[in-house]
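Work through the exercises below with the model open.

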Amino acid sequence: MTAPLMPETDLARIRKWAAATFPDMPGVDLRVALEIDGRHVTVVELRPPWDNKDSPEWVSQPVARLTYVTSRTAWKLTIPTWDGHYRRYRPLPTGPLDDLLIEIENSLIGDEA
């Protein structure tokens with residue numbers, strides 16, 4: 001993993017948002033994790049394996065990616081495509097970090113959280 005190429009204060013806000021929005025709860029088969037790499041923060045949904053409940057390996061699925069655009073000192077929101085790439089999230093492709101986090105919570109994660 002490379003060193004983050006984003007403001008540490010923003011990274012701390014994203015971590016705090018994730019912990020507050022998706023706390024670990026016993027008996028809930030959904031977790032959310034952050035994968036941080038360079039200037040990307042990927043929000044990943046974790047679920048237990050559907051075919052082998054005894055396996056310790058949870059299945060991960062990217063939900064959204066925040067990318068820090070250093071030239072504009074702004075954040076961009078993208079969503080995964082079926083082929084493993086990412087595309088702009090059209091309703092709110094860029095904006096203040098707090099607005100993008102709310103958008104992820106409300107529109108992308110939905111009622112499962």
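**Exercise 1. Which residues is His85 in contact with, leaving aside its neighbours within four places in sequence?**

Step 1. Contact is defined as heavy atoms within 4.5 Å. With that cut-off, His85 is in contact with Ile79 and Pro80.

Step 2. Locate the residue: His85 belongs to the loop between E4 and strand E5 (86-88). Helices (H or I, at least four residues) and strands (E, at least two) are DSSP runs, numbered from the N terminus.

Step 3. Classify its accessibility. Buried means under 20% relative accessible area, exposed over 50%, and partly exposed in between (1.4 Å probe, protein chains only). His85 is exposed because its relative accessible area is 51%.

Two notes on the source apply throughout. This is a predicted model, in which local features need pLDDT of at least 70 and side-chain atom pairs count only at pLDDT 80 or more, while totals for chains, interfaces and linings use all residues. Residues are numbered from 1 along each chain as its sequence is written, and side-chain values use heavy atoms, with hydrogens and water left out.

**Exercise 2. Trace the pairing of E1, E2 and E3.**

Step 1. Two strands pair if DSSP finds at least two bridges between them. E1 and E2 run antiparallel and are joined by seven bridges.

Step 2. Asp37 has His40 in E2 as its bridge partner. The hairpin of E1 and E2 has two residues between the strands, and Gly38 takes a positive phi near 60 degrees there.

Step 3. E2 and E3 also run antiparallel, with eight bridges between them. Val44 stands opposite Pro62 in E3.

**Exercise 3. Which residues touch the most other members of the largest nonpolar core?**

Step 1. A nonpolar core is a set of buried Ala, Val, Leu, Ile, Met, Phe, Trp, Tyr and Cys residues joined through side-chain atoms within 4.5 Å.

Step 2. The largest such core has 21 residues, and Val41, Leu66 and Trp75 touch the most other members. At least two residues of this core come from each of helix H1 (8-21), strand E1 (31-37), strand E2 (40-47), strand E3 (59-69), strand E4 (74-80) and helix H2 (97-109).

Step 3. Take Leu66 as an example. Leaving aside neighbours within four places in sequence, the contacts of Leu66 include Ile14, Val41, Trp75, Leu77, Leu97, Leu100, Leu101 and Ile104. Arg39, His40 and Lys76 are also among the contacts of Leu66.

**Exercise 4. How many salt bridges are there, and which residues form them?**

Step 1. A salt bridge is a side-chain nitrogen of Lys or Arg within 4 Å of a carboxyl oxygen of Asp or Glu. The count under this rule is three.

Step 2. Asp10 pairs with Arg13, with the closest N and O atoms 3.1 Å apart. Both residues lie in helix H1, three residues apart, about one turn of the helix. Asp10 counts as buried because its relative accessibility is 10%.

Step 3. Arg13 also pairs with Asp98, where the closest N and O atoms are 2.9 Å apart. This pair links distant parts of the chain, with Arg13 in helix H1 and Asp98 in helix H2, 85 residues apart.

Step 4. Arg47 pairs with Glu45 at 3.1 Å between the closest N and O atoms. Glu45 is buried, with a relative accessible area of 15%, whereas Arg47 is partly exposed at 30%.

**Exercise 5. Find charged ends placed over rings.**

Step 1. A charge sits over a ring if NZ of Lys or CZ of Arg is within 6 Å of the ring centre and within 35 degrees of the ring normal.

Step 2. The charged end of Arg31 is over the ring of Trp58, 3.8 Å from its centre. Arg65 lies over the face of Tyr86, 4.0 Å from the ring centre.
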